[in-house]
2 protein chains.
Amino acid sequence: MSSYTVRFLPDNLETTVQEGENLLQAAARAGIPLKASCGGRGTCGRCRMILKEGEVTQLQKGKLTPEQLAAGYVLACQSIPAGPVVVEVPAESRLAEHRVLLAEERAGEELLPAGFDPLFKKVALELPPPDLEDSRDDAGRLLDTLEKTTGMDDALFNLETLSNLPAVLREGQWRVTASLADGKGYTEIVRVEPGRRAEKYYGLAVDIGTTTVVVELVDLAGGRTVGVKGRYNKQAVYGDDVISRIIYAVETPGGRREMQRAAVDTINELITALTAETGVESKDIHAVVCAGNTTMTHLFLGIDPAYIRMEPYTPAVNSLPPVRAAELGLMVSPGALVHCLPSIASYVGGDIMAGARLIEIDQAEELTLFIDVGTNGEMVLGNKDWLLACACSAGPAFEGGGIRHGMRAMAGAIEHVQIDPRTGEVHYQTVDGAKPLGICGSGLIDLMAVLRDAGIIDRTGQFLSRPELPRLREGDEGPEYVLAWAHESGNEQDITISEADVKNLIRAKGAVFAGIRTMLRMVDLPVEAIERVIVAGGFGRYINIRDAIAIGLFPDLPVERYSYIGNSSLKGARLALLSRRVRDGVEELARKVTYLELSVGNTFMDEFVSALFLPHTDLNLFPSLINAA
Amino acid sequence: MSSYTVRFLPDNLETTVQEGENLLQAAARAGIPLKASCGGRGTCGRCRMILKEGEVTQLQKGKLTPEQLAAGYVLACQSIPAGPVVVEVPAESRLAEHRVLLAEERAGEELLPAGFDPLFKKVALELPPPDLEDSRDDAGRLLDTLEKTTGMDDALFNLETLSNLPAVLREGQWRVTASLADGKGYTEIVRVEPGRRAEKYYGLAVDIGTTTVVVELVDLAGGRTVGVKGRYNKQAVYGDDVISRIIYAVETPGGRREMQRAAVDTINELITALTAETGVESKDIHAVVCAGNTTMTHLFLGIDPAYIRMEPYTPAVNSLPPVRAAELGLMVSPGALVHCLPSIASYVGGDIMAGARLIEIDQAEELTLFIDVGTNGEMVLGNKDWLLACACSAGPAFEGGGIRHGMRAMAGAIEHVQIDPRTGEVHYQTVDGAKPLGICGSGLIDLMAVLRDAGIIDRTGQFLSRPELPRLREGDEGPEYVLAWAHESGNEQDITISEADVKNLIRAKGAVFAGIRTMLRMVDLPVEAIERVIVAGGFGRYINIRDAIAIGLFPDLPVERYSYIGNSSLKGARLALLSRRVRDGVEELARKVTYLELSVGNTFMDEFVSALFLPHTDLNLFPSLINAA
C-alpha cells in the first residue's frame with residue numbers, strides 16, 4: 001500500500017495520506033478544518049482547494065465553475081492523491097480554526113467559541129444621568145450600570161481611570177466605552193472613553209515551547225485569529241533542553257535575566273512580524289495568555305528555576321499571578337495583563353494543562369489518556385471523576401537526540417520507512433522529499449517496527465546476524481543498519497541506525513509505556529479501560545499509531561480510539577484568552593489533578609524494566625500483535 | 001460656680017473643670033485616657049501627673065514617694081484645681097490611647113485593640129520541607145502553611161517575591177518571615193525573608209482635614225502609637241474652604257496636580273518630623289490609612305473634584321481602591337498601600353465614616369446621633385437597624401468665618417463668656433490666657449446664649465435698645481456689643497459682635513438643627529428619641545453643651561446623653577489601620593447609610609426657617625429652657 005505526502009499552503013503543513021484517502025481527510029489530519037456542509041459527498045462545493053503540484057484522481061467535480069476548473073480548483077472531498085501533492089487552501093474554504101470549540105452561531109457562518117468572554121473587552125455603557133434624587137458617585141454609577149448590563153460584579157477601578165472619570169462621563173453624555181481586563185479574581189476597569197468606541201482590540205495566545213515559540217494574534221471582539229507565527233526559541237543558544245537552560249540561568253551571573261530577555265525577545269519578534277503583516281498596532285494588544293512547560297514559564301517570568309532539576313523537583317510556583325506586560329518587556333499595551341497557565345509539577349506544565357482543558361478531560365465521561373510525547377512523555381489520565389498526571393523522562397530520542405543520525409522533523413528527515421523482509425532493502429520518505437539527512441521521531445518509530453518485522457532485530461533490540469543482508473554491517477559502535485548510502489544522502493554520509501540507537505529508543509518508548517501503566521495501576525485499571533487517547537504536540541502529528549503500538553510505545557487499543565489534537569498548548573492558550581471560564585477552568589483542572597512522581601513509591605521501575613522489550617515482556621498486553629503474528 | 005482651665009502637657013490640650021472636678025475627670029474630657037486601676041479612689045497611684053503651674057487641692061497623696069512629691073507629682077484623681085493649672089502627664093501614666101477599643105489583655109497591662117489585625121504585618125512561618133512524596137511548589141507550600149498558621153486564604157504573591165522565593169526558603173531552612181499587606185479583598189505577600197525577622201514595622205493613620213492634617217505613626221506589631229504630629233494643610237494657600245480648593249484645582253492649568261502635591265507634601269513633612277523624632281525609618285512604614293472629607297480625598301489622590309460643588313453634587317468616587325505610596329509620592333515604603341476611607345456623598349466623607357465606625361453606630365442598640373460641626377454640619381443618625389446621613393451647609397461661622405471678630409480656637413481666642421445681666425459687663429476667658437484677639441466657636445455659642453439671657457438680643461437675634469449698657473453701641477453695620485476694649489485686646493481693637501454676626505450664627509445653628517430634625521422626620525421620630533449624641537471634631541471639644549442647647553444648635557436632651565469623641569477621623573483611621581475588620585467595616589457601614597440630600601424633596605427648608613430663632617420658633621422642642629425660664 002503506497003502513501004503520499006500532502007503539503008498545504010499557505011500554512012506549509014504536511015501530512016501523509018494512505019492510498020485511497022482524500023484531501024479532506026488529509027486536511028483534517030493536518031489540523032486544517034474545512035467547510036464541508038455536505039459531509040464530504042461532493043455536493044456543497046465548499047471544500048475547494050487549488051492543486052499546485054502533483055496529481056489527484058478526481059471522483060467528481062461537483063459545483064466547480066469552468067473558471068475555477070481552469071484555475072486548478074479541485075474539491076478536497078473528491079480528490080485522491082495519486083502521488084505527493086501540494087495544494088493551496090483558500091481562506092473561503094476554511095472553517096474558523098476553533099471549530100471544536102464553537103457553540104453559538106452568529107451572522108450565518110461567523111462562529112464564536114462557547115462561553116466567549118475574552119480576558120480583555122470593551123463594553124459600551126449607557127449610564128442614567130445623575131440628579132438630586134440620584135447623586136451616586138460617578139464610579140458607583142458606572143459599576144452599577146456595568147453590573148446591570150453585563151452581570152459583572154467584580155470590577156475595580158484603577159486610580160488613573162478614576163481620576164478623569166467625571167469629565168469622560170460628561171463628555172460622552174453618560175454614554176461611554178469601558179475597557180475591562182480580567183485580573184484573575186477581579187476585573188480591572190482599565191479605561192473609560194466617551195461615546196461608543198469601535199476600535200478593534202486584540203490579544204495574544206503564546207505557546208512558549210523549549211524549542212519553538214508560537215504566537216497567535218486574536219481579534220478579541222470577534223474571537224477570530226488574525227495571524228499566527230512561530231520561530232525558534234532564542235533561549236536555544238543557551239542549550240537545547242530545559243536542564244541546560246536551568247543550569248545556565250542558575251549558574252551564570254545574570255543568567256536568569258538573560259534567559260528571561262531571550263524568551264521575551266522571541267515573542268517580541270513574533271509580535272513585530274505579526275503586527276507588520278496584519279497592520280494591527282501593538283498598543284492595541286491588551287491581553288496575553290501564555291502556555292509553556294514549568295521551566296519555560298519560570299524563565300519567561302524571571303523566576304528562579306534552580307530546584308526544578310534537583311530532587312525532590314519542586315517548582316518555585318505553579319499557579320501564577322497575572323503580570324503587567326511592561327514589567328516583562330513585552331511589546332504590547334504596557335498595562336496589558338499577561339496570564340501564564342498553571343503548572344502542576346516541575347515536569348507537568350501549563351502547556352499540558354492547556355491541552356487537558358482543551359480536550360475537557362475533566363468533564364469527560366470516557367476514561368481518557370492525554371499524551372504529549374516530546375523530551376518527556378507528559379500524560380494526563382482520567383475523566384470527570386478523577387485525574388492523574390505524570391511525566392516520564394523519555395529522553396530526547398524521539399526528537400532525534402542521543403541517536404547518531406537522529407534529527408528533528410525538518411526537510412531531509414526520514415519520516416517513514418519500509419523494509420523488504422527478504423532483501424532487507426529499504427524504502428523511505430523524507431520531509432519535503434529532500435535528500436535524507438537523518439531520521440526524525442516518526443521515522444524512528446517506523447524503523448523499529450519494520451526492523452523487528454523484518455527480523456533484523458530481536459525483541460530486546462539486539463541485531464541478529466544476517467550476513468546476507470548488505471545493509472546490515474558492523475560499525476564503530478557495534479552492529480548497524482544502513483538506511484541511506486552516502487551517495488544518495490544530502491550530507492554524503494551513510495545514514496545508519498545502530499544497536500545502541502535502538503536500545504536508546506527502547507528505553508524511551510519503555511518509559512512512556514511504563515508511565516501509562518503506572519497510572520493505570522494506581523487506579524487498578526487494565527489498559528483496555530482507556531476509552532480514548534488524545535495525542536498532542538508537533539511530534540504526535542506524524543506518528544503512525546500502528547507502528548507506535550507495534551513497538552510498545554502506545555497501548556494496544558483499537559486505532560479509532562486514537563486522535564490527534566495538534567498544538568494543544570497554543571489552542572488551549574487561545575481558548576483561555578477568549579474565555580474567562582476556560583482560563584478559570586484551567587486553574588481548577590490543575591488543582592484537581594493528582595501528580596504522580598514516578599521516581600518514588602510506585603511500580604514505575606518494575607513497569608519500565610518490563611517495557612524494555614519490543615513491544616513488551618508481557619505480550620498479553622498487546623493482543624492485536626499476537627493475533628496479527 | 002467657678003470653672004478653671006486645665007492645660008495638659010506635652011499634648012498641649014486644654015479643657016475646663018467645674019468647681020469640685022478633679023484632674024482625672026479633666027483628662028478624660030480632654031481625651032487623655034489615664035491608668036486608674038483603682039477607679040479613681042486614690043489607692044493605685046497610677047494616675048500621677050506633675051503640676052507645672054497653678055494650684056490644686058489634694059484630697060490624699062496615695063502611694064506617691066517623697067521624691068515624687070518633691071518633683072511636684074500629684075494624683076490626678078485626688079487633685080482638684082483651685083484655679084487655672086498646667087500639668088504634665090508622664091508617659092507611664094497614660095493608657096494606650098485607643099482605650100475604648102481595647103478588648104484583650106496581653107502581658108499584664110499591655111493592651112491591644114479588639115480584632116487586632118493590621119493592614120500590614122509580618123508573620124513567621126515554618127514550612128514542612130519538601131520530599132519526593134510532597135513536592136508541592138514552593139509558593140503553594142508557603143500559601144498552605146500561611147493558611148494553616150493564620151487562617152488566611154486570600155494571599156497572593158507578586159512577581160518579585162515569587163522570583164526569588166526558592167532561594168529564600170532554603171536559606172531560611174524553611175523558616176521564613178512573610179510580609180503581608182491587605183489589598184482590600186486580597187492579601188499581598190509583599191516579601192518573604194529567611195528566618196525570623198524581628199524588625200519593627202509601622203503604619204500611618206492620617207486625618208486629612210481641610211485646615212489641619214494630622215499624622216499618627218503606629219507600631220503595627222504592637223498596635224501602639226509612637227508619635228502624632230499635625231500641621232496646617234499646605235493646600236490652604238489655594239483657599240480656606242473646599243469650594244475654593246476645588247475651583248483652583250479645576251480652573252487652574254495643572255491645579256489638580258498642584259493640589260495633590262500640596263496634600264502629599266504636608267503629609268511628607270509630618271512623616272519627616274515623626275521619623276526624625278522617633279528614629280523610625282520611613283522605609284519601614286508599610287501601610288497608610290487616610291480619612292478626609294470627600295474633597296480632600298479627591299485632591300489627595302488627584303481625582304477630578306469638579307462636580308462635587310455643582311448640582312447635583314456627585315463625587316467622582318466614594319469607595320476607593322488602595323493606591324501604591326510611590327504613585328502618590330508619599331515618603332514611606334514605595335510599595336506600601338494607601339487606603340482612603342470611603343465617602344458616601346460629596347459632603348459626607350471618609351472622615352465622617354471613620355467616626356461613625358469608631359463609635360460603632362451601625363451596631364448600636366440606642367438611637368445615636370453622631371455630629372461633626374465644622375464648616376458643614378455632618379451628621380449620621382441611626383443604630384444597628386438603619387442609618388441616615390446628611391450635611392447641612394452651616395457655613396464657617398462656628399469656625400470664625402463670616403464673623404467680623406471671629407477666629408479659630410488659637411491663643412487669644414475668646415472661648416468662654418459670661419455677662420452680668422444687670423450691668424451688661426462681661427467676663428471672658430481666652431485660649432492660653434492670652435490677650436483677646438477675637439472669638440472662636442465655643443465663645444460664639446456662649447456669647448449668643450448669654451446675650452439672650454442678659455436680654456441684649458431677642459429671640460430673632462435682634463439687638464434690643466438698652467442705652468444704659470455702655471458695651472452696647474451702634475457700629476458701622478448696626479448695633480454691636482463690645483466684648484473687649486482696644487486697650488485690653490491683643491490687637492488694640494475693640495472686639496465686638498454685631499447684629500449681623502448674630503444673624504449669621506443663627507443661620508448656622510439653624511441649619512444644623514434643621515438637618516437633625518429633617519433626618520428625624522424621615523423616620524418619623526421626635527427629638528427625644530435620640531438616646532445619645534456623640535460630638536466629634538476639634539470644635540466640638542470646647543462646646544458648652546448647655547449653651548449649645550440654649551441657642552438651639554443641639555437638641556434639648558439631658559446633658560448626660562452627650563459625649564465628646566475627639567478627632568474621630570484620625571481615631572477611626574488608626575483603628576482601620578490596626579484592624580482589617582474595621583477597615584472592611586467602614587466600607588460596609590458606608591454602603592448601609594442612606595444619604596439625605598437636604599436641598600431637595602424633604603422638609604429641610606421649612607425646618608431651617610423654623611430654626612432661625614433662639615432657640616426655635618417651637619419652644620416645645622426645648623422644654624428644659626421653658627422650665628428653667
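Predicted model: local features only at pLDDT ≥ 70, side-chain atom pairs only at ≥ 80, totals over all residues.

Q: Leaving aside neighbours within four places in sequence, what is A:Leu142 in contact with?
A: A:Leu142 is in contact with A:Leu125, A:Leu127, A:Phe157, A:Leu165, A:Leu169, A:Val176, A:Ile189 and A:Val192. Contact means heavy atoms within 4.5 Å.

Q: Which residues touch the most other members of the largest nonpolar core?
A: A:Leu142, B:Phe300 and B:Met353, out of 104 residues. A nonpolar core is a set of buried Ala, Val, Leu, Ile, Met, Phe, Trp, Tyr and Cys residues joined through side-chain atoms within 4.5 Å. Buried means under 20% relative accessible area, exposed over 50%, partly exposed in between (1.4 Å probe, protein chains only).

Q: Which helix gives the most to this core?
A: Helix 7 (residues 255-278) of chain B, with eight residues. Helices (H or I, at least four residues) and strands (E, at least two) are DSSP runs, numbered from the N terminus.

Q: On to helix pairs. At what angle do helix 10 and helix 15 of chain B pack?
A: About 110°, with their axes 9 Å apart. Axes are lines fitted to C-alpha atoms, for helices over the stretch in contact, and angles run from 0 to 180 degrees between N-to-C directions. That makes helix 10 of chain B roughly perpendicular to helix 15 of chain B. Angles under 35 degrees count as roughly parallel, over 145 as roughly antiparallel, 65 to 115 as roughly perpendicular and the rest as oblique.

Q: And which residues of those two helices meet?
A: From helix 10 of chain B, B:Met353, B:Ala354, B:Ala356 and B:Arg357. They meet B:Arg581, B:Val582, B:Gly585, B:Val586, B:Leu589 and B:Ala590 in helix 15 of chain B.

Q: What about helix 6 and helix 7 of chain B, how do they pack?
A: At about 130°, with axes 6 Å apart. Helix 6 and helix 7 of chain B are therefore oblique to each other. B:Arg245, B:Tyr248 and B:Ala249 meet B:Gly255, B:Arg256, B:Glu258 and B:Met259 there.

Q: Why is helix 14 of chain B largely enclosed?
A: Ten of its eleven residues are buried, so the rest of the structure largely encloses helix 14 (residues 568-578) of chain B.

Q: Is A:Leu369 buried or exposed?
A: Buried, at 0% relative accessibility. A:Leu369 is in strand 20 (residues 368-373) of chain A.

Q: What is the phi of B:Tyr313?
A: Positive, about 60°, although B:Tyr313 is not a glycine. B:Tyr313 counts as partly exposed, at 24% relative accessibility.

Q: And B:Glu492?
A: B:Glu492 has a positive phi of about 55° and is not a glycine either. At 69% relative accessibility, B:Glu492 counts as exposed.

Notes
Residues numbered from 1 in each chain as written. Chains lettered and ligands numbered in written order. Heavy atoms only, no water.
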